[in-house]
Amino acid sequence: MGKYFGTDGFRGEAGVNLTVEHAFRVGRFLGYYYGKEHKAKVVIGKDTRRSGDMLEYALVAGLTASGADVYQLHVVPTPGVAYVVRQDGFDCGIMITASHNPFYDNGIKVINGKGYKLEADVEQQIEDYIDGIIEEVPYARRENIGKTVDYSEGRQHYIDYLTGLVKGSFAGVKVGLDLANGSATSVAKQVFDALGATTCVISLEPDGLNINTDCGSTHMERLQKLVLEKKLDVGFAYDGDADRCLAVDHEGKLVEGDHIMYLCGKYMKEHGELANDTVVTTVMSNLGLYKAFDEIGIRYEKTAVGDKYVHENMMENGHVIGGENSGHIIFMKHATTGDGVLTSLKVMEVMAETKKSLAELASGMTVYPQRLVNVRVTDKKEAQADPEVQKKVAEVAKLLGDEGRILVRESGTEPLVRVMVEAKTDELCIQYTDAVVETLQNRGFVL
């Protein structure tokens with residue numbers, strides 16, 4: 001990860017460590033970089049948080065000052081920007097969002113012309129330009145100064161694309177949608193209505209401050225209550241930029257990303273659509289998912305945590321589905337990034353084709369109890385590499401055998417060691433995580 005750009009773009013608190021000056025210089029460099037041989041065309045989308053306008057105008061100023069023409073999608077999901085970039089021939093796309101973070105955070109995600117996350121070497125050049133390490137780029141003059149274009153029609157292109165992916169109709173199905181007061185408010189209900197579903201929608205009144213607040217995929221309680229009270233068939237919740245989706249079955253039970261990968265992977269394998277008979281996961285997926293896959297003959301890859309690594313594995317090996325338990329699922333045949341609305345449509349498709357409820361479809365996977373403890377330490381690399389800590393971790397792994405697992409990893413952004421145990425019971429999870437944490441304390445690493 002760089003100084004400004006992490007695994008998911010340039011993110012920080014708006015006005016603090018992500019300022020209008022940062023956004024202006026990001027725009028200046030991108031307009032210059034993509035406009036070296038022709039007039040650059042850049043498309044911009046955003047979620048609903050208050051600072052989105054501020055950062056958008058700064059980006060637009062920088063881009064047009066460097067000669068780029070800027071097409072504004074306004075409020076749209078991140079995957080909508082990725083779709084429009086590749087479908088409508090833009091040089092790059094920019095999404096202004098902090099995803100599931102609180103409203104006061106924001107971020108700048110840059111997407112290249114193929115709809116993928118921007119290459120690391122270009123991100124490094126942007127960072128060097130922000131810090132004045134590379135020389136100033138020229139300003140456009142006269143007729144070469146860029147312009148802005150209202151491109152709301154691009155958002156409709158994305159809605160039409162999603163709708164067109166579904167065979168048949170969802171008529172007669174009662175669906176709950178939690179739009180997180182975010183990007184999904186511009187897309188999700190329109191898609192489900194067009195497909196004939198009866199929709200019951202919450203968190204669809206963004207005010208710039210309420211995005212992700214007690215709603216969406218990070219707060220599933222309201223959707224669970226809605227599904228039960230309204231006797232709905234299924235419910236879907238998205239995060240702030242709608243690239244994630246979690247679900248609720250008709251009994252009000254939570255269906256997370258691992259369950260979605262299981263039921264979609266199983267359906268795809270049965271229909272000959274699962275390339276390499278493989279699903280890509282991260283190391284944080286539940287042990288129950290792997291045991292369920294073993295039973296039905298599906299192979300799996302395990303990557304580091306982060307959709308970036310899932311996507312890289314899929315690209316390198318030709319896999320077609322992968323994701324995280326958080327609900328960030330990539331269906332490579334249809335999208336270049338996680339897409340929450342697309343994920344919900346895929347779940348609906350499996351339900352319609354099999355004529356089974358979501359509860360029945362998800363029942364083939366049993367979730368193992370899990371406990372994750374974040375331990376603040378003096379030095380996370382030394383703590384993880386300590387011989388006594390490694391010995392204790394090995395002891396726990398041996399005790400768990402095939403009926404559980406332990407994972408100890410360092411945080412990428414904080415001075416933390418994360419200790420995660422999955423086992424048959426909650427009591428065992430507590431016992432074994434405590435044993436490792438106690439060893440870290442005894443070795444003097446815990447702050």
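Me: Is H74 buried, exposed or partly exposed?
Reply: In this predicted model, H74 is partly exposed, with a relative accessible area of 24%. The cut-off for buried is under 20% and for exposed over 50%, so a value in between counts as partly exposed.

Me: Where does H74 lie, and what is its phi near?
Reply: H74 lies in strand 4, which covers residues 69-75. The phi of H74 is near 65°, a positive value in a residue other than glycine.

Me: Okay, and D277? What's its phi near, and where does D277 lie?
Reply: D277 has a positive phi too, near 50°, and D277 is not a glycine. You'll find D277 in the loop between helix 8 and strand 13 (278-282). D277 is partly exposed, at a relative accessible area of 25%.

Me: New topic, helix 8. How many residues does helix 8 have, and how far does it reach?
Reply: Helix 8 has 14 residues and reaches 20 Å from its first C-alpha to its last. That is close to the 20 Å expected at 1.5 Å a residue.

Me: How many of the residues of helix 8 are buried?
Reply: 11 of the 14 are, so helix 8 is largely enclosed by the rest of the structure. Among the buried residues are G257, H259, I260, L263, C264 and Y267.

Me: What follows helix 8?
Reply: G272 does, and the phi of G272 is positive, near 70°.

Me: How do helix 8 and helix 9 pack?
Reply: Helix 8 (residues 257-270) and helix 9 (residues 287-296) pack at an angle of about 10°, and their axes are 10 Å apart. That makes helix 8 roughly parallel to helix 9.

Me: Which residues meet there?
Reply: From helix 8, D258, M261, Y262, K266 and K269 meet L289, A292, F293 and I296 of helix 9. By class, the residues of this contact of helix 8 with helix 9 are six nonpolar, no polar and three charged.

Me: And helix 3 with helix 5, at what angle do their axes cross?
Reply: The axes of helix 3 (residues 78-87) and helix 5 (residues 152-164) cross at roughly 100° and come within 9 Å. Helix 3 and helix 5 are therefore roughly perpendicular to each other.

Me: Which residues meet in that pair?
Reply: On the helix 3 side they are P79, G80, Y83, V84 and R86, and these meet G154, H157, Y158 and Y161 in helix 5. The contact of helix 3 with helix 5 has five nonpolar, three polar and one charged residues.

Conventions: Residues are numbered from 1 along each chain as its sequence is written. This is a predicted model: local features need pLDDT of at least 70, side-chain atom pairs count only at pLDDT 80 or more; totals for chains, interfaces and linings use all residues. Side-chain values use heavy atoms; hydrogens and water are left out. Axes are lines fitted to C-alpha atoms, for helices over the stretch in contact, and angles run from 0 to 180 degrees between N-to-C directions. Helices (H or I, at least four residues) and strands (E, at least two) are DSSP runs, numbered from the N terminus. Angles under 35 degrees count as roughly parallel, over 145 as roughly antiparallel, 65 to 115 as roughly perpendicular and the rest as oblique. Contact means heavy atoms within 4.5 Å. Ala, Val, Leu, Ile, Met, Phe, Trp, Tyr, Cys and Pro count as nonpolar, Asp, Glu, Lys and Arg as charged, and the others, Gly among them, as polar. Buried means under 20% relative accessible area, exposed over 50%, partly exposed in between (1.4 Å probe, protein chains only). The expected span of a helix is 1.5 Å times one less than its number of residues.
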